[in-house]
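Open the model in your viewer and keep the selection tool ready. This tour tells you what to pick next and what you will find there.

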Amino acid sequence: MTWGSAAEFFAMGGYGFYVWGSFLATVVCIAAEMLILRARRQSALERIRAERLRYEAAA
Amino acid sequence: MSSGLIHWFRYASPPSFYPLAGRMTPWFAWLAAVSGAVGLWIAFFVAPTDAQQGESYRIIFVHVPASWMSMFLYLVMAGWSGLGLALNTRLSSMMAHAIAPTGAMFAFLSLWTGALWGRPTWGTYWVWDARLTSELVLFFLYLGYMALRAAIDDPRRGDRAAAVLALVGVINVPIIYFSVQWWNTLHQGASVSLTRAPSMAAAMLAGMLIMAFAFWMYSIAVSLVRVRAIILEREAHTEWAYQLKEAT
Amino acid sequence: MSAPSFRAAFAGIVRRDLRLAARRKSEPLFSLGFFVLVASLFPLGLGPEPELLRRVAPGVLWVAALLASMLSLGRMFVADFEDGTLEQLALAPVPLVVSVSGKVAAHWLVSELPLVLVSPLLALQYGLPADVIGLLMISLLIGTPALSLVGAIGAALTLGVRGGGALVALLVLPLYVPTLIFGAGAVDARLAGLSSAANLSLLGACLILATVFAPLAAAAGIRIALE
């Protein structure tokens, strides 16, 4: 499949909005999922740190 | 009992599985990235233009793999749920719980890309065809599972209740799918079907399969990361958690 | 004392629940009132044109019955859960599946049979011909027990859980889809002059599947809630 030019590639035969809308949505969903997961992991670790400090303070 | 069997059950405890999951994740992440790159390259630079749908058909390279994954992940989620109920292992339920959001994400993506594909092809953003409508119901099944799990505070009760729901759901999925197919053929007015994809050139099929594989590897990687987060959340009060390197 | 036979236990539960419902006469009226209200709202939203209303009647009346059925799920197990009766039933020598089936049967008699009986009046409002009205009643007669049974699963899983009716709705509506499709489809077919045998058979199949599996799932849900 050869594209004449970059402009042709982005235009996708006039369907650019739909094609890129789909692929971009995919990228956004995947990126969002990864970011949310990272935040979840960080907050879980934060909670453990807080619990540990409380535990050590009580000991 | 062979030593192989004992070996597996050792990993059934969340603290033992945690490091294993951590070691497994990069492999699946790399597989996902590489196969995704290959799939996208095929999607845009190898697969030819379709005679009827022009370039808009390229959406199938994400739409169809996303649909496949959303259905496959539900099965896997139900499988882990069943295992958790049968063996009463916490980790099995945690795995099911870890898979759900990714499955829901793919269901949503399938609906979104399906709508974007429907507009240039059939003129409207939403088409009540059998595949999309079933996908919508599957999306609600995922949301119901996550909502039930979130609404129950006690983790063990939440695990078991959500597991029952997942099993009930998985039995219903073929019934729902069949009934929606039935419904779609009954009302012949809108007899359009997004499933009538362009007759598959080999490159198109290859691209779809590779993208599906990429999504699958991605799902495994993300589920492993998420189950690690769930383990951290559920084991927050334990000695094991306090000793963790990441938590110092 | 030997354990009572399953049939006797089932009948006993049904009788008890019916007696309890008789004391709170207003409750079945809520579902009925909701059914009539929803069915009356659609023409207000769609316009009074008779041809259109006749066309949408099967689907609208079925959806209204489905929603009314779903609303009543909150009453199926909650009272017994809160006063400890459910726990007693779980510990009784009679299998919980039998007790649950009895409760669902009583619930259907109290909350859904009235819907079936009132549906002809609503069907008249939509201008459905007599034979279609008969078929509507039959479809509801077969379909509403399936709705009760499947709804029991949702009711059992959410016992004592916050989130209320919206959560049960989210859990149960996807499971209602096949029953809705075949039930409304049967009436639609007759309205179009075609045979509704296929739809009714499939609806019956849904009912049979629900009868076999739903009490099991609901009993499992109740046990989980009681722990």
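**Stop 1: a helix in chain C**

Select α8(C): 21 of its 28 residues are buried, so the rest of the structure largely encloses this helix. A residue is buried if 20 or more other C-beta atoms lie within 10 Å of its own, exposed if 12 or fewer, and partly exposed in between, with C-beta atoms placed from the backbone. Helices (H or I, at least four residues) and strands (E, at least two) are DSSP runs, numbered from the N terminus.

Two notes before moving on. This is a predicted model, in which local features need pLDDT of at least 70, side-chain atom pairs count only at pLDDT 80 or more, and totals for chains, interfaces and linings use all residues. Residues are numbered from 1 along each chain as its sequence is written, while chains are lettered from A and ligands numbered from 1 in the order in which they are written.

Stay on α8(C) and check its length. At 1.5 Å a residue, its 28 residues should span 40 Å, and the end C-alpha atoms are 37 Å apart, which agrees. The expected span is 1.5 Å times one less than the number of residues.

Where does α8(C) kink? Pick L173(C): a kink of about 40° lies there, shortly before the proline P174(C). The bend at a residue is the angle between axes fitted to the seven residues ending there and the seven starting there.

**Stop 2: the loop after it**

Now select G193(C), in the loop between α8 and α9 of chain C. Its phi is positive, about 85°. Is G193(C) buried or exposed? G193(C) is exposed, with 6 other C-beta atoms within 10 Å.

**Stop 3**

Zoom out to chain C. The chain has 9 helices and 0 strands. Its C-alpha atoms fill a box of roughly 60 × 30 × 30 Å along the principal axes. Of its 227 residues, 48% count as buried.

**Stop 4: where chain C meets chain B**

Show chain B too. The contact takes 22 residues from chain C and 24 residues from chain B. Two residues are in contact if their C-beta atoms, placed from the backbone, lie within 7 Å. Which helix of chain C gives the largest share of its side? The answer is α8(C), with 11 residues. That side of chain C divides into 17 nonpolar, 3 polar and 2 charged residues. Ala, Val, Leu, Ile, Met, Phe, Trp, Tyr, Cys and Pro count as nonpolar, Asp, Glu, Lys and Arg as charged, and the others, Gly among them, as polar.

**Stop 5: the core**

Select L165(B), L61(C), V150(C) and A152(C). Of the 153 residues in the largest nonpolar core, these touch the most other members. Such a core is a set of buried Ala, Val, Leu, Ile, Met, Phe, Trp, Tyr and Cys residues joined through C-beta atoms within 7 Å. Helix α7 (residues 202-234) of chain B gives the largest share, 19 residues. Centre on L165(B): the residues it touches include Y145(B), L157(C) and L171(C).

**Stop 6: chain A**

Finally, show chain A. Here 25 residues of chain A are in contact with 35 residues of chain B. No contact joins chain A and chain C, whose closest C-alpha atoms lie 23 Å apart.

Definitions and conventions
Lists of a residue's contacts leave out its neighbours within four places in sequence.
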